[in-house]
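Q: I have a structure open and would like to go through it. Can we start once it is on screen?

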Amino acid sequence: MSFHVLITDPLHEEGLVPLKNHPDIKLTIINQRRSSNLKELIRDVDALIVRSQTQVTRDVLEHATRLKIIGRAGVGVDNIDLDAATERGIIVVNAPNGNTNSAAEHTMALLMSLARKIPQAYQALKNMDWDRKNYVGVELRNKTLGVIGLGRIGAEVAYRAKGQRMEIIAYDPFLTQEKAEKLGVNFGTLDEVLALSDFITIHTPLLNETKHLINTKAFQKMKKGVQIINCARGGIIDEEALYQAIISKKVTGAALDVFENEPFHHHKLLELPEVIATPHLGASTIEAQEMVAIDVSQDIIRYLMGEQIKNP
Ligand code: NAD
Ligand code: MLT
């Protein structure tokens, strides 16, 4: 029996090898950015592999008459309509572990860049402007880092930030006292984390409950001068509320890897000197891409061959 697997976002070559070499798998790879005929292509495929770019909507899934499994090479499955997939008996697997380290390292890079205004100073120097006065930063030592969402990445960030001698306070509705103690972090309510932190970093999934979790009211509860990092998902921070909080000087810095609408060619937050940003690069390392690609393609093969999958 032969199975048709469609890949619509760039996947590391190492993840393609087991699929390409499998005698019972026919592989089609397209660049979804350039191709608009996903509804047509999905019609006769048994498995679909995506990263975050392909939007697997209800509308798309209505055309998927043979689809059995969707593999997400990464963590967030917010680009896949899970209800629509479940209604059709299509299972969704992700690769939750392969990019944890890379996303945590990227968060630390953003935190340190923010504290020392490195991107802004670099940009000035590239413009041949030797300016030391405008780029005075703050130390991380003895500052409080609020971690919202202490899962895989949040915990790795907390561990690293302790190495910078920061105090950590975390909010996570599923956090146990045991885990907090093991990580050496303080437990807080969301309001306590907002009120006590000098820096806040977000590591929750994008869910109905976390959509605009950081909104105007949340900014009002924060310390004046707070700096905020989002390397999780656009949409968890209300971008208009963040803009206003920066204009009013409540927030003095924001580091964003993710945005409500990606990709974009213009964003008004990026006009503000207090905002530094990367284009969703948290998981963009050779190591992470290799691991998530291998994990997801192995699970797709296992499922199609009737074996037990690892990450349902
Ligand atoms: P995870 O599931 O291990 O951790 C998420 C944590 O958030 C869990 O501990 C959960 O209990 C907690 N949580 C859920 N609802 C919450 C709420 N309302 N308030 C506070 N905490 C809540 O996930 P992870 O692997 O650590 O990934 C975290 C986020 O990072 C996800 O949004 C993921 O998509 C994103 N991510 C982004 C990149 C990137 O390239 N920027 C890379 C990897 C992951
Ligand atoms: C993820 O959720 O895994 C990240 O956003 C990285 C990606 O989109 O591949």
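What follows is a short chat about this predicted model.

Q: How many helices and strands does the protein chain have?
A: The protein chain has 12 helices and 12 strands. Its radius of gyration is 21 Å, close to the 20 Å that the globule rule gives for 312 residues, so the chain is as compact as a globular protein of that length.

Q: And what does the C-alpha trace span along its principal axes?
A: About 65 × 50 × 30 Å.

Q: What share of the residues count as buried?
A: Of the 312 residues in the protein chain, 42% count as buried.

Q: What about contacts, how much comes from residues 24 or more positions apart?
A: Taking the contacts with a separation of 6 or more, 61% are between residues 24 or more positions apart.

Q: Switching to ligands. Which residues come nearest to ligand 1?
A: There are 31 residues around ligand 1, and Gly76, Gly149, Gly151, Ile153 and Gly282 come nearest. Two elements give two or more residues to that shell: helix H5 (100–116) and helix H7 (152–163).

Q: Which of them gives the largest share?
A: H7, with 3 residues.

Q: How does the shell around ligand 1 split by class?
A: It has 15 nonpolar, 11 polar and 5 charged residues.

Q: OK, and what surrounds ligand 2?
A: Arg51, Ser52, Gly74, Val75, Gly76, Asn99, Gly282 and Ala283. By class, the shell around ligand 2 divides into 2 nonpolar, 5 polar and 1 charged.

Q: Now the backbone. Where is the cis peptide bond?
A: The cis peptide bond joins Glu262 and Pro263, with omega at about -10 degrees. Pro263 sits in the loop between strand S11 (251–256) and strand S12 (275–277).

Q: What is the phi of Asn142?
A: Asn142 has a positive phi of about 70 degrees, although it is not a glycine. Asn142 lies in the loop between helix H6 (118–126) and strand S6 (144–148).

Q: Is Asn142 buried or exposed, and why?
A: Asn142 counts as exposed because it has 10 C-beta neighbours inside 10 Å, and the cut-off for exposed is 12 or fewer.

Q: Then what about His212, what is its phi?
A: His212 has a positive phi of about 55 degrees and is not a glycine. The loop that holds His212 runs between strand S9 (199–202) and helix H10 (216–221).

Q: Why does His212 count as partly exposed?
A: His212 has 16 C-beta neighbours inside 10 Å, so it counts as partly exposed.

Note on methods. Residues are numbered from 1 along each chain as its sequence is written. Chains are lettered from A and ligands numbered from 1 in the order in which they are written. This is a predicted model: local features need pLDDT of at least 70, side-chain atom pairs count only at pLDDT 80 or more; totals for chains, interfaces and linings use all residues. Helices (H or I, at least four residues) and strands (E, at least two) are DSSP runs, numbered from the N terminus. A residue is buried if 20 or more other C-beta atoms lie within 10 Å of its own, exposed if 12 or fewer, and partly exposed in between; C-beta atoms are placed from the backbone. A residue is near a molecule or strand if its C-beta atom, placed from the backbone, lies within 6 Å of it. Ala, Val, Leu, Ile, Met, Phe, Trp, Tyr, Cys and Pro count as nonpolar, Asp, Glu, Lys and Arg as charged, and the others, Gly among them, as polar. The radius of gyration is taken over C-alpha atoms; the globule rule is 2.2 Å times the number of residues to the power 0.38. Two residues are in contact if their C-beta atoms, placed from the backbone, lie within 7 Å.
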